[in-house]
Amino acid sequence: MSKIAAMTPETAPLQTTPDVARWQDFFQLLKPRVMSLVVFTGLTGLLAARTPMHPVLAAVAVLCIAVGAGASGALNMWFDADIDGLMRRTRGRPVPSGKVRGDDAAALGVVLSLLSVMLLGMAVNWLAAGLLAFTIVFYAVVYTMWLKRWTTQNIVIGGLAGALPPAIGWAAATGSAPLNAWLMVAIIFFWTPPHFWALSLYITTDYAKAGVPMLPVVKGAKATRLQILIYSLILIPVCLLPVLTGLGGPLYLAVAGLGGAVFLLLAFRVFLSKAGDAADPRAADRDLYEVTDDVKAAGAKAARNLFAFSILYLFAMFAALLGEAVFGVKALELLR
């Protein structure tokens, strides 16, 4: 259990909610940025299976993955409204800012969850639907309601929810989830800790103020920097495994190898830096990518650079897998 006491959605007062919320506010509940990454990795899993699938069913599968991700986001924003309202990075979200009622956010999340799972099961197959249902429950209940507020390993264990979309996409295309599908899951799973811990080093004050037991808040910055390095050293070999199984080709090897070298370099720089050692009170009011010339920001710059590059690295690897999958399917069609 974390040293930081758990909080409940009733802890922090929210602003008065307007009588009518705009559709844009409800759309923001779905976490569109996160949803776009989920759709991208899910689509990659679907196409990487290299199995013929009717375009309409493929579109339905991707839509259900997107809606399921949005449902998870809505449930997360409903339950986390109290701590979201205390952090600069999240206080503008629809529920803590008073743009959408908490009950409405919860209702939207439940309805979209049921809709996405049932549609995917009836239109495509129940293995994919089961994996989607597990993902939603794991993110909304296990991670949001338990792990996030009680353990420093919140994003390690909770990262499984964000890692599953490729397996859902693969299962939608084939009705099965073989090793290659789980390799893509493993890549995202081991990518998540260094990605989010780099962010937490940069905005430690924000997490501490909200009572979220992120690793640097509870164990300290030095322990966090070491964990970032350890997970990075695990991540890069995992990223190269698809080449051995035939999932990734030459393009993927180049992207994963060269990008992995840069990732490790940035992780070593974070490890050797003093990022997060002295919590800067100004960090909570500073833009995420703003870097000043003071000593404290110098350490923060190393963490910020790793955080930013980690997004590019994951996107580039899955883009390479997606490109090779599409090219491979077209080549097979030409040979027939």
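Which helix gives the most to the nonpolar patch? The answer is α12, with four residues. The structure is a predicted model, in which local features need pLDDT of at least 70, side-chain atom pairs count only at pLDDT 80 or more, and totals for chains, interfaces and linings use all residues. Residues are numbered from 1 along each chain as its sequence is written, and side-chain values use heavy atoms, with hydrogens and water left out.

**The nonpolar patch**
- Leu226, Ile230, Leu233, Ile234, Phe268, Phe271 and Leu272 form this surface patch, and together they have about 600 Å² of accessible area (Shrake-Rupley method, 1.4 Å probe, with only the protein chains shown counting as cover for residues).
- Patches are made of residues with over 30% relative accessible area and no salt bridge, where nonpolar side chains (Val, Leu, Ile, Met, Phe, Trp, Tyr) are joined within 5 Å and like charges within 9 Å; a salt bridge is a side-chain nitrogen of Lys or Arg within 4 Å of a carboxyl oxygen of Asp or Glu.
- At least two residues of the patch come from each of α12 (221-245) and α13 (250-272), helices being DSSP runs of H or I with at least four residues, numbered from the N terminus.

**Thr44 in helix α2**
- Thr44 lies in helix α2, which covers residues 32-48, and with 0% relative accessibility Thr44 counts as buried (under 20% relative accessible area, 1.4 Å probe, protein chains only).
- Apart from neighbours within four places in sequence, Thr44 is in contact with Met184, Phe318, Leu321 and Leu322, contact meaning heavy atoms within 4.5 Å.

Technical notes
Buried < 20%, exposed > 50% of the residue type's maximum accessible area, 1.4 Å probe, protein only.
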